[in-house]
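I opened my notebook to look up a few things, one at a time. Here are my entries, in the order I made them.

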Protein chains: 2
Amino acid sequence: MDRIPILRMGDVLLVTIQVDLHDQVAMQLQNDLTCEIQRLGAKGVLIDISALEMVDSFIGRLIADTSSMSRVLDAQTVVVGMRPAVAITLVELGVAMPGVRTALNVEKGMALLAASRLED
Amino acid sequence: MDRIPILRMGDVLLVTIQVDLHDQVAMQLQNDLTCEIQRLGAKGVLIDISALEMVDSFIGRLIADTSSMSRVLDAQTVVVGMRPAVAITLVELGVAMPGVRTALNVEKGMALLAASRLED
């Protein structure tokens, strides 16, 4: 398995990260995701990390970067399903992920994206 | 990573299979999924296999069994994102997955679940 599937739900793209992300998978994901945002005109991206039991600074930066890429393509990113231990680790690592919004689960993330679109 | 995350969207549960399923992960998934259906009163299950480039009879049977388990818990299962090569292999293996409904992607699968609920 060399790529992470990107699921489309309306104008939101859902990415579920389940595997350990090494460099090549991560770059492939960023490439696929930006292409899909552009191709489908997606307005939101949900990244589910509920399967991740721990993160390192590489993954933290990856998520922050992916979020920034989506933003310049006019899509908002919400990270969902973060475990408490992961939140602790991210802050301890100094990867605060500025500008990345979070929600407890996919449903709340979808609601957040819908609400922020109404504000626009 | 020893378990596959189950995402809740309304009364539908979404499972994205990305990793090679060996026995223990598969049993864990069936256990988690049946527990979640019961806990949340879910009415539908979407199993996304777009990341699977090939399947064997084990995975075919697993999907068919999972679908049957959901059915007796009053939840319908739709398998989405099957690649053409996977469809060919499944039939050649003689794993026809009776009673499992399929849709091209998550969106169409959600629509199928919504439509079948209206019929009830």
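**The record entry**

I started with UniProt, where an unreviewed entry lists "domain: STAS" for residues 2–113 of chain A. UniProt positions follow the numbering used here, feature names are shortened, and annotations may be inferred rather than shown by experiment.

I noted that this is a predicted model, where local features need pLDDT of at least 70, side-chain atom pairs count only at pLDDT 80 or more, and totals for chains, interfaces and linings use all residues. Residues are numbered from 1 along each chain as its sequence is written, chains are lettered from A and ligands numbered from 1 in the order in which they are written, and side-chain values use heavy atoms, leaving out hydrogens and water.

I then looked at the span 2–113 of chain A: 46% is helix and 20% is strand, and its end C-alpha atoms lie 29 Å apart. Helices (H or I, at least four residues) and strands (E, at least two) are DSSP runs, numbered from the N terminus.

**The sheet in chain B**

I found an open sheet of five strands in chain B, ordered β1-β2-β3-β4-β5, with mixed pairing. Two strands pair if DSSP finds at least two bridges between them. At the edges I found β1 (6–9) and β5 (101–103) of chain B, each pairing on one side only.

I followed β3 (44–48) and β4 (76–80) of chain B, which run parallel over five bridges. Val45(B) has Thr77(B) as its bridge partner in β4(B).

**The two copies**
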